[in-house]
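Open the model in your viewer and keep the sequence panel beside it. The stops below go from the whole chain to a single residue.

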Amino acid sequence: MKKQFNRMRQLANQTVGRAEKTEVLSEDLLQVEKRLDLVKQVSHSTHKKLTACLQGQQGTDLDKRSKKLPLTILAQCMVEGAAVLGDDSLLGKMLKLCGESEEKLAQELLVFEFQIERDVVEPLYVLAEVEIPNIQKQRKHLAKLVLDMDSARTRTSYQRTCTILWPKK
């Protein structure tokens, strides 16, 4: 309780200008700290929009994703239509060839989206939701420790002044 009171008193004195305030961060680091919120906001919104662009369900394995992908469903429909019509008809051969091509396109899209998720979406999420909040938390902790240090320094100098002015007998 006493520590919190001293911290609040020191903060008030620094705000009013009566107490010396220790600057821990250089100008460059202060500018980086200001940009940190912008980076968090941009990475968060980019993550959100990029996730919305992905056609497959995020986080599931490739087989489950493949079954729900519109290209896969279209390819399956074409192959089934070709089987109904048979290989004798021109339309049946065309549907079979197009169905196989659509299936290959669907597989390529799945691999592409999986790589985008692994290489871009997940790192953006970690940056926006884990790393930047940790940096901000550590910065607040540093500010608290600096305030404690200034408070202790002020108390020590006050005690020295009192000892000089009123020596113990």
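Accessible areas here come from the Shrake-Rupley method with a 1.4 Å probe, and for residues only the protein chains shown count as cover. By that method the protein chain exposes about 13000 Å², of which carbon and sulfur atoms supply 61%.

This is a predicted model, in which local features need pLDDT of at least 70, side-chain atom pairs count only at pLDDT 80 or more, and totals for chains, interfaces and linings use all residues. Residues are numbered from 1 along each chain as its sequence is written, and side-chain values use heavy atoms, with hydrogens and water left out.

Start with the whole protein chain in cartoon view. There are 5 helices and 0 strands (DSSP runs numbered from the N terminus: helices are H or I of at least four residues, strands E of at least two). Of the 169 residues, 24% are buried (under 20% relative accessible area, with exposed over 50% and partly exposed in between; 1.4 Å probe, protein chains only).

Next, select residues 70-85, which form helix 4. Its 16 residues reach 23 Å from first C-alpha to last, close to the 22 Å expected (1.5 Å times one less than the number of residues). Which residues of helix 4 are buried? They are T72, A75, M78, G81 and A82.

Now pick T72, in helix 4. T72 counts as buried because its relative accessibility is 9%. Leaving aside residues up to four places away in sequence, T72 touches S66, E103 and A106 (contact means heavy atoms within 4.5 Å).
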